[in-house]
Protein chains: 2
Amino acid sequence: MQVTITIEKKPGVLDPEAQAVNQALSSLGFDDLQGVTMGRQITVSIDTDDQERARYRAAKMCESLLANTVIESYTIEINEPS
Amino acid sequence: MQVTITIEKKPGVLDPEAQAVNQALSSLGFDDLQGVTMGRQITVSIDTDDQERARYRAAKMCESLLANTVIESYTIEINEPS
């Protein structure tokens, strides 16, 4: 089962990468730009058919490795098989 | 209008970061892990109410700065106001 994990900086945490992208886009002439936030998206395939278990395992992965929960928050989304 | 841009490596392009995460998770005991892919998620606020225009501007940003279209593909999604 595929699970998409999105990791973003918590509100109020300084994000120099997003600031740099914002400035770069502004200097390229995108003057209708109002703001930029950036995050990471990690798609993991987990060997289970149980959605609740997949969600639980993905949360474990975030807590133990993928996210720095002091400054980052994560959201977990199950990819429905098409 | 908020637009979410997701940038991923094209299929077949080597992704050492995803490989490293895969190995790290495996060595942490996540033996039900079958695969990892990674991408970047960029949320831009664009000063327009026209969805088509927002989509067009976001594509321009990808082509001119955000994505390396030789090895990366991007998808653009309009965030509906709630």
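1. Contact between the chains. In this predicted model, 32 residues of chain A are in contact with 32 residues of chain B. Together the two chains bury about 2,700 Å² between them. Carbon and sulfur atoms account for 57% of that area. Look at F30(A), D32(A) and Q41(A): they supply 22% of the area that chain A buries against chain B. That is more than any other three residues supply.

2. Polar links across the interface. Twelve residue pairs are in polar contact between chain A and chain B, counting pairs with both residues at pLDDT 80 or more. The count of salt bridges between the two chains is four. One of them joins the side chains of R53(A) and D32(B), at 3.8 Å from N to O.

3. Which elements of chain A give two or more residues to the side that touches chain B? They are β1 (2-9), α1, β2 and α2 (51-66) of chain A. The largest share comes from β2(A), with 14 residues. By residue type, the side of chain A that touches chain B divides into 14 nonpolar, ten polar and eight charged residues.

4. The buried side of a helix. Now turn to helix α2 of chain B, residues 51-66. Which of its residues are buried? The list is A54(B), R57(B), A58(B), M61(B), C62(B) and L66(B). These residues cover an arc of only 145 degrees around the axis, so they sit on the same side of α2(B).

5. What covers that side. The cover over the buried residues of α2(B) comes from both chains. From chain A, it includes α1 (16-27) and β2 (33-46). From chain B, it includes β1 (2-9), β2 (33-46) and β3 (72-78).

6. D50(B) caps the N-terminal end of α2(B). One of the side-chain oxygens of D50(B) lies 3.0 Å from the backbone nitrogen of E52(B).

7. E80(A) is found in the segment after β3 (72-78) of chain A. Is E80(A) buried or exposed? It counts as exposed, because its relative accessibility is 55% and the cut-off for exposed is over 50%. The side chain of E80(A) still has a partner: a polar contact of 3.3 Å joins it to the side chain of Q51(A). E80(A) and V3(A) are 77 residues apart along the chain. Their C-alpha atoms are separated by 8.9 Å.

Notes:
Residues are numbered from 1 along each chain as its sequence is written. Chains are lettered from A and ligands numbered from 1 in the order in which they are written. This is a predicted model: local features need pLDDT of at least 70, side-chain atom pairs count only at pLDDT 80 or more; totals for chains, interfaces and linings use all residues. Side-chain values use heavy atoms; hydrogens and water are left out. Buried means under 20% relative accessible area, exposed over 50%, partly exposed in between (1.4 Å probe, protein chains only). Helices (H or I, at least four residues) and strands (E, at least two) are DSSP runs, numbered from the N terminus. The arc is that of the directions from the helix axis to the C-beta atoms. Contact means heavy atoms within 4.5 Å. A polar contact is a pair of N or O atoms within 3.5 Å; within protein, one must be able to donate a hydrogen and the other to accept it, and residues adjacent in sequence count only if both atoms are side-chain atoms. Buried area is the accessible area (1.4 Å probe) that two parts lose on being put together, summed over both. Ala, Val, Leu, Ile, Met, Phe, Trp, Tyr, Cys and Pro count as nonpolar, Asp, Glu, Lys and Arg as charged, and the others, Gly among them, as polar.
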